Amino acid sequence: MGQALCICSPVSITIENKKYYFVQKLAEGGFSYVDKVEGAKDGCYYAVKRILCHDREGRQEAQTEVEMHQLFNHPNILTLVAHTFTDCEGKTEAWLLLPYFRKGTLWTHLENLRDKARFLPEYEVLEILHGICSGKAMHDKGYAHRYFLPMCIDITHLKQCIAKIKYASKPKLSSTLVQSLGCVLYCMMMLEGPYDMIFQKGDSVALAVQNPVSIPQPCRYSQSLQTLLSSIMVSNPLERPHINWVLDQVQALQAQTPVGSSTSQR
């Protein structure tokens, strides 16, 4: 996809004077790859995100991503283990060494459920949503994740979700953050995004987001959770709640939802 990086699945790489052996490719994007590697000394698995920096601006964006990782120390925000910049054939690559999560992303988990015709119990939906909202430490320092995607949320176990820092910006994007959080909640409840079918039909997603999101009925989840989703997904950005309010609502719903319960209409 796009231009290949100058190092394609190397046998070994060195980051901050430590060697790591390539195990397998995990993901590929337009300007980056993610590989699974094993530490030569500790034998632990890691994920290496390798970003191709086409120009000075690309290098600065990669450096900003590194700085965002270093700024936060929170169990629900992905930790940067180490990093380096390397030059190859006139181009620069940023190598970010990150923790490896065996269970993969939230999207992987939801796809597996859909393939098996299963669904996510309500208490698990709330646990995952609570984990995502708990990463609000970014807001406390004056930053906001530009958007959440199920593919950008790693799962260690259902009670802890790790948000990847890919895009961070000033709080003016908080409204977009909450809307994307609503899209993740919708995806957990329906096993597909609220605009997936619109995109697949070739219709305008930009127009669709200007209208309220309808919740397909009958819905297996409680009326309380449906109300929360509707509150988050309002079309007017000025009417969207702050993420702290969302976290409070999630905690209140958790207190009403016994662990192990699947559905209850409240």
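What percentage of the 266 residues in the protein do buried residues make up? And with that as background, how is the open sheet put together?

Analyst: Happy to! Please keep in mind that this is a predicted model. Buried residues account for 45% of the 266 residues in the protein. The protein has nine helices and ten strands. Of the contacts between residues at least 6 apart in sequence, 62% join residues at least 24 apart.

Now to the sheet. Six strands make up this open sheet, and their order is β1-β2-β3-β4-β6-β5, with antiparallel pairing. At the edges are β1 (12-15) and β5 (82-88), each of which pairs on one side only. On average, neighbouring strands of the sheet are turned by 35° against each other, direction ignored.

β1 and β2 run antiparallel and are joined by four bridges. Within this pairing, Ile-13 stands opposite Tyr-20 of β2. The two strands form a hairpin with two residues between them, and there Glu-16 takes a positive phi near 50°. Glu-16 is not a glycine, despite that positive phi. In general, most residues other than glycine have a negative phi. Glu-16 lies in the loop between β1 and β2, and its relative accessible area of 45% makes it partly exposed.

If you enjoy backbone torsions, there are two further places to look at, away from the sheet. Ala-117, also not a glycine, has a positive phi near 55°. Ala-117 lies in the loop between α2 and α3 (122-133) and is exposed, at 73% relative accessibility. The other place is the peptide bond from Gln-217 to Pro-218, which is cis with omega near -5°. Pro-218 is in the loop between α7 (205-208) and α8.

Back in the sheet, the next step is from β2 to β3. Seven bridges join β2 to β3 (residues 32-39), and the two strands run antiparallel. Gln-24 is found opposite Lys-36 in β3. Three residues lie between β2 and β3, which form a hairpin.

One of the facing pairs here is Thr-84 with Trp-95, its bridge partner in β6.

A search of the whole structure turns up two aromatic pairs. Tyr-20 and Tyr-46 form an edge-to-face pair, because their ring planes are at 80°, with the centres 5.6 Å apart. Since Tyr-20 lies in β2 (residues 18-28) and Tyr-46 in β4 (residues 45-53), this pair ties together parts that are 26 residues apart in sequence. Tyr-20 is buried, with a relative accessible area of 5%, and Tyr-46 is buried as well, at 14%. So Tyr-20, which stands opposite Ile-13, is also a partner in a ring pair.

The other pair is Tyr-45 and Tyr-100, again edge-to-face, at 6.2 Å centre to centre and 75° between the planes. Here Tyr-45 belongs to β4 and Tyr-100 to the loop between β6 and α2 (106-115), so parts 55 residues apart in sequence are tied together. Tyr-45 is partly exposed, with a relative accessible area of 41%. Tyr-100 is partly exposed too, with a value of 25%.

Finally, a helix pair from elsewhere in the chain for context. Helix α8 (residues 223-232) packs with helix α9 (residues 243-256) at an angle of about 175°, their axes 11 Å apart. The angle makes α8 roughly antiparallel to α9. On the α8 side, the contact is made by Ser-224, Leu-225, Leu-228, Ser-231 and Ile-232, and on the α9 side by Trp-245, Val-246, Gln-249, Val-250 and Leu-253. By class, this contact has seven nonpolar, three polar and no charged residues. Asp-248 is also located in α9 and is partly exposed, at 46% relative accessibility. Its C-alpha is 9.3 Å from that of His-130, and Asp-248 and His-130 are 118 residues apart in sequence.

Methods:
Residues numbered from 1 in each chain as written. Predicted model: local features only at pLDDT ≥ 70, side-chain atom pairs only at ≥ 80, totals over all residues. Heavy atoms only, no water. Pairing = 2+ DSSP bridges. Axes fitted to C-alpha atoms, helices over the stretch in contact; angles between N-to-C directions. Parallel < 35°, antiparallel > 145°, perpendicular 65-115°, else oblique. Contact = heavy atoms within 4.5 Å. Nonpolar A, V, L, I, M, F, W, Y, C, P; charged D, E, K, R; others polar. Phe/Tyr/Trp six-rings, centres within 6.5 Å; stacked < 30°, edge-to-face > 60°. Buried < 20%, exposed > 50% of the residue type's maximum accessible area, 1.4 Å probe, protein only.
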